[in-house]
Amino acid sequence: MMRIVIAGGGLSGVSLAAHLAVADHRRPVVVVDDGSRDLRSRTWASWTDRPGLLDAAACRWFDQVRVHLNGETKVVRLGAYRYRVVRGGDLADAVARLTNPLRHFTSLRGHVDRIERDGVIVDGEHVRAKWVFDSVIGPGSPPPADASLVFRGWHVRSERAAFDAETPTLFDFRTSQLNSASFVYVLPFDAHHALVEHTAFTAPGAPESPSDQEEALAEYLTEVVRTGGHEVERAERAVLPLRAAQPVRAGGTVLRIGAEGGLLKASTGFAYQRIQRDSAAIADSLRRNGHPFDLPVTPARFRTFDGTLLDVVTREPAQLERAFGALFRRRTAEPALRFLDEESSVAGEWRLFAGMPAAPYLAAARRRLAHEGRTAPAEWGRPH
Ligand SMILES: Cc1cc2nc3c(=O)[nH]c(=O)nc-3n(C[C@H](O)[C@H](O)[C@H](O)COP(=O)(O)OP(=O)(O)OC[C@H]3O[C@@H](n4cnc5c(N)ncnc54)[C@H](O)[C@@H]3O)c2cc1C
């Protein structure tokens, strides 16, 4: 029987393998990864309101988050949601528990050179496949980025017991907004250890300012967290292109998954939970239809919202704090998280948007409509 090839064994590749393992199909599955990114050294945080196949991989679950907006710090309950942290090593182990007992699941160390109609080229060798799930090559011409999410994170050990181990800080705007819409995110591991990240939304192609971000982190740790002295144990940085438009995901026997498939939420840079849901939907489509393309499509308005927000905050950085202030002004974060999960109702969205200044968003929406009128929207491919 012709195999399934998953190109890339990162978050989306291993999540899909796990969901295929429980979908009870008999096709051989090969996950190909060249080791350029070490899954075990990575960590993802995300919110969810429902049980998931890989929940056992989460090492922490939180019921509340802290936000600092418009001069005020609030601890916000998450309602039906919980915020969880998954370490790459635990994810790899949880996936292995599902796939290792199955002899038709294998992994292959190799570099995917390109993807063809009937398979993939791995280190020059043709590996034939019925279906290819691609998280590494991506579409030849992705939609243009609307912004970049530039982040610099420090894994910090603090002298003082300075971190609240029970409450992550989703965003704290006590950092300069002069050059870009920016906030600090704090993921505590215990009272002395946390990942502290400076996150900036910049216009596409804008130069990075690593020293500014490091300065902002140092200032935040000293003046806001008041660590009383700290050591940076490990640093990480990334620049994520944020695209409101959906890239072409499917064509022939190939379906793009993960960030290459457009699963990164453009207004937040989060993808973990979207990837879990996508993996479940792909496995379900294969089981029901014999092909992986019968996937839920979210209403197009959410991509318009994302693009409009990115347009506004890359022009007027101070608007990000106002927008998050409007979204998170309720007693619980649930309505905001449901909106960011693209599961809100139109009426609920109007309630969330009240409190946001209309003028910059209307101007941005007009710019986007004019631009979209000049460019054809990207269509999802269908099996043929
Ligand atoms: C530093 C960082 C932190 C993030 N934190 C969060 C978070 O906390 N929460 C959240 O929701 N989202 C987060 N994201 C966004 C998103 O969840 C991640 O980018 C996620 O890893 C995307 O999954 P993926 O499978 O598309 O890519 P990856 O997980 O990067 O997987 C790609 C895999 O392909 C392999 N590979 C690459 N090229 C080739 C090739 N040619 N041949 C073979 N193998 C190849 C790599 O080794 C890697 O294992 C973060 C992103 C970054 C960059």
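## The ligand shell

Here Ala, Val, Leu, Ile, Met, Phe, Trp, Tyr, Cys and Pro count as nonpolar, Asp, Glu, Lys and Arg as charged, and the others, Gly among them, as polar. On that scheme, the shell around the ligand holds 14 nonpolar, nine polar and four charged residues. This is a predicted model, where local features need pLDDT of at least 70 and side-chain atom pairs pLDDT 80 or more, while totals for chains, interfaces and linings use all residues. Residues are numbered from 1 along each chain as its sequence is written, and side-chain values use heavy atoms, without hydrogens and water.

Of the 27 residues around the ligand (a heavy atom within 4 Å), Ser-12, Asp-33, Ala-45, Ala-259 and Tyr-272 come nearest. Domain 1 (4–58 + 85–143 + 243–289) and domain 2 (147–241) both contribute to this shell, so the ligand lies between them; the bounds come from an automatic or database domain assignment.

## Atoms facing the ligand

A backbone N or O atom of Ala-45 sits 2.7 Å from a ligand nitrogen atom. Ligand oxygen atoms lie 2.8 Å from a polar backbone atom of Tyr-272 and 3.0 Å from a polar side-chain atom of Arg-42.

## Strand β1

β1 runs parallel to β12 (residues 131–134), joined by four bridges (pairing needs at least two DSSP bridges), with Ala-7 partnered by Asp-134.

Definitions and conventions: Polar contact = N/O pair within 3.5 Å; in protein donor to acceptor, adjacent residues only side chain to side chain. Helix = DSSP H or I, 4+ residues; strand = E, 2+ residues; numbered from the N terminus.
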